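This briefing covers a predicted model.

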Number of protein chains: 2
Amino acid sequence: MPLLVMKFGGTSVASPDRIRRAAKRVGREVANGYDVIVIVSAMAGETNRLVGYVNEIAPFYDAREYDAVVSSGENVTAGLMALTLQEMDIPARSWQGWQVPLRTSSAHGSARIEEIPTDNINSRFAQGMKVAVVAGFQGISPEGRITTLGRGGSDTTAVAFAAAFGAERCDIYTDVDGVYTTDPRISDKARKLDRIAFEEMLELASLGAKVLQTRSVELAMRYHVRLRVLSSFEDNNESAGTLVCDEEDIVESKVVSGVAYSRDEAKMTLISVADRPGIAAAIFGPLAEAGVNVDMIVQNIAEDGRTDMTFSCPTDQVARAEKAMRAAKERGEVNFHDLVADKDVAKVSVVGIGMRSHAGVAAKMFQSLSREGINIKVITTSEIKISVLIDRKYMELAVQALHDAFELEKAG
Amino acid sequence: MPLLVMKFGGTSVASPDRIRRAAKRVGREVANGYDVIVIVSAMAGETNRLVGYVNEIAPFYDAREYDAVVSSGENVTAGLMALTLQEMDIPARSWQGWQVPLRTSSAHGSARIEEIPTDNINSRFAQGMKVAVVAGFQGISPEGRITTLGRGGSDTTAVAFAAAFGAERCDIYTDVDGVYTTDPRISDKARKLDRIAFEEMLELASLGAKVLQTRSVELAMRYHVRLRVLSSFEDNNESAGTLVCDEEDIVESKVVSGVAYSRDEAKMTLISVADRPGIAAAIFGPLAEAGVNVDMIVQNIAEDGRTDMTFSCPTDQVARAEKAMRAAKERGEVNFHDLVADKDVAKVSVVGIGMRSHAGVAAKMFQSLSREGINIKVITTSEIKISVLIDRKYMELAVQALHDAFELEKAG
């Protein structure tokens, strides 16, 4: 029997009525001949309520107890979903993480999945069960304690189940209807993508398009799980949503698939640093220790043995970064003339696997920004992404201009 | 190290603040030199919320899924209690039922405890843990599914842990400060009992004094667990609350310990039934099948081969009882002249282990009621209880008169 994994997020199971709507979607796939594994999140608001209790009681909590408390929301939804399916005469039962058992590392609060045995659930399918409902976000540590996978962890649970059971596809039902060429709030020309490659999705996710947990996309890429993102609140036909898939499954791909942005960036420049071996480590070591998430790094050409070093980080980490750099200077580890922070910048990126085989993307991007009079402050590139830092006030304009320039409103 | 079991009900853990207050009580016992096993209920209102979801989704639910859903409330409290104790620098951790594992029968919704292994928790005590917090009300079936023990099941969990671990005492913290000689709302002379025998507590509990789950008292009696009921909301000294204990631990017992009542009783009489062997079975078989909870049964002296048969049952089961009896008559299984129901009666009982060795209790009870002009409609007796049915309008008067007659306002 072919198998599907269907995952429903918190807003999709926020009430008994919504659980019923989700169960109807499951019922349609059962009618289509599938066995289904359903992964559920906690009802919307529930995890926050539980986290609130924990923070009220113990701001510096024991992560093992935190996990035991916050995992309970998913257990409730799993049981309610199984009951709803049974009411529709669909043979179903619920599993909590420890019952599978979904084995994880002991890293409470952000555990990694290590093993998902399939025999238990598969033997139930063999006996006629049609739907296994599994509480997402949770597992069991080698010590027998409950673990959780971190925020958004139910996406990862879903992909891991799809990989372990060899599912035909993993459908992630959420409150958006797919992945867009850019944020529709910024450009009304934004177009829903029918397909996107894993690599592109990873770049978009880490750039702030918060549709899927990054880890779930990595896992899907590694195990070639066909991942579909679609809306719980619309009628979906077979081509609904966005399929996140291997590059070779994308027949006609455009050079650029999407334009992403990140608003709260800051640019920092160390002026006149000695250009010597080990200088990068001397700078970025202390920053990492101080918990600064450095993103882009640019080193200028050296002149007279000295250079400028520029990096970006989230705006709210600027003070921390400055403190770390001044301390390193006092310790004599780094010498620089000045440290300049610009908190009014934003990052705009174009992403697309087509870039690998197409020259001229960067040039087209820079021309397009130049035509709008937008000055580029920092540039970084990867194989499938070009990012620039610009003044924040031009961010929306830049996104719209790039969306137009690469004709993203048109289907591939 | 001596061990205590402390159980906190839903109102005692209804908020982080109340959990903190409960944890302080635990901390005092730890300071007194005890290892402590804490059994917690769900936060007040939580179980009702979850049961509400289940009933909304599936009125005729799969009890296995019901149990998976409703047991989650206790898991939350257990984690929060452990965190609170840790904040007070008391080494503590939580256990869910399946982690102990507390093994039960497969009777979902009203499972019976079968085994509580002690090695896991005891090895933690040996390593320096001072408090094991255990989620009440739940266990795990032989099939590995979560079970619940029925409403009030956390009391039973507490007593079972006290028995398994050989606890010095099992303290049940609740919203009343002990067991009274009668309901203080009916008699302002009602006095809190310092001690009460298990047998008496069982009679009082089943008569409607809903302080402890009946099953927990049975279990405590069988395993000689010293059980104390006391208030979460008052400062308790060493003699606080009521100790439910073996008969021999009660030094000076009075003949009568308490006066109990039950308001919603009905009296039904089958007039002129054939007085033949098997007639009782022919009547009470169909009633049991119809789900009628028959309580008292009285058969009058036969005359001319016919007799009257009187029984009592809850008021709201009268229609069902009548239907069952008329059907039995139509099938020719029972022949009676008439069926008379009196829905305006109440049951009043005096309870006391001292009755076993004292004659004259019944006579004193009847005289006392007679003095108030109260007519007795039905009488039944057991070794330690005498119950009468009377007109409901006299119920309060009867309770007060009996409380006076047996001088229950005075300590033993």
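Strand E13 of chain B pairs with E15(B), residues 306-314, in the antiparallel sense, and eight bridges link the two. The model is predicted, and the values below are computed from it.

**Strand pairing in chain B**

- On the E15(B) side, Ala274(B) has Arg306(B) as its bridge partner.
- On the E16(B) side, Asp338(B) is the residue that stands opposite Ile271(B).

**Contact between chains A and B**

- Chain A and chain B each bring 28 residues to the contact.
- On the chain B side, four helices each supply at least two residues: H1 (16-31), H2 (46-57), H3 (63-70) and H4 (72-87).
- H4(B) gives the largest share of that side, with ten residues.
- Sorted by class, the side of chain B that touches chain A holds 15 nonpolar residues, nine polar residues and four charged residues.

**Relation of the two copies**

- Chain B is superposed on chain A by a rotation of 180° with a shift of 0.0 Å along the axis, and the RMSD is 0.1 Å.
- The two copies are therefore related as by a two-fold rotation axis.
- Within chain B, Ser72(B) has the C-alpha nearest the axis, at 2.8 Å from it.
- Both copies use the same surface, since 96% of the contact residues of chain B recur in chain A.

**Nonpolar core**

- The largest nonpolar core comprises 259 residues.
- Which residues have the most contacts inside this core? They are Val38(A) and Val38(B).
- Beyond its neighbours within four places in sequence, Val38(A) contacts Met6(A), Phe8(A), Val26(A) and Met81(A), as well as Val131(A), Val133(A) and Val134(A).

**Domains of chain A**

- Chain A is divided into domain 1, residues 3-175, and domain 2, residues 259-405.
- The centres of domain 1 and domain 2 of chain A, taken over C-alpha atoms, are separated by 39 Å.

**Gly97(A) and its loop**

- Gly97(A) sits in the loop of chain A between strand E3 (92-95) and strand E4 (103-104).
- Is Gly97(A) buried or exposed? Gly97(A) counts as buried because 28 C-beta neighbours lie inside 10 Å, where the cut-off for a buried residue is 20 or more.
- Leaving out neighbours within four places in sequence, the contacts of Gly97(A) are Leu102(A), Ala135(A), Gln138(A), Gly139(A), Ile140(A) and Ile146(A).
- Asp264(A) is 167 residues from Gly97(A) along the chain, and 37 Å separate their C-alpha atoms.

**Cis peptide bonds**

- In chain A, Val100(A) and Pro101(A) are joined by a cis peptide bond with omega of about -15°.
- Pro101(A) lies in the loop between E3 and E4 of chain A.
- In chain B, the peptide bond from Val100(B) to Pro101(B) is cis, and omega is near -15°.
- Pro101(B) is found in the loop between strand E3 (92-95) and strand E4 (103-104) of chain B.

- Ser272(A), a residue other than glycine, has a positive phi near 60°.
- Ser272(A) belongs to strand E13 of chain A, residues 258-274.
- Ser272(A) is partly exposed, because 16 other C-beta atoms lie within 10 Å, which falls between the limits for exposed (12 or fewer) and buried (20 or more).
- Glu407(A) is not a glycine, yet its phi is positive, at about 50°.
- Glu407(A) lies in the segment that follows helix H12 (395-405) of chain A.
- Glu407(A) is exposed, because 12 other C-beta atoms lie within 10 Å.
- Helix H8 of chain B covers residues 214-223, and its buried residues are Arg215(B), Ser216(B), Val217(B), Leu219(B), Ala220(B) and Met221(B).

Note on methods: Residues numbered from 1 in each chain as written. Chains lettered and ligands numbered in written order. Predicted model: local features only at pLDDT ≥ 70, side-chain atom pairs only at ≥ 80, totals over all residues. Contact = placed C-beta atoms within 7 Å. Nonpolar A, V, L, I, M, F, W, Y, C, P; charged D, E, K, R; others polar. Core = buried A, V, L, I, M, F, W, Y, C linked by C-beta atoms within 7 Å. Pairing = 2+ DSSP bridges. Least-squares fit on C-alpha atoms with pLDDT ≥ 70 in both. Domains from an automatic or database assignment.
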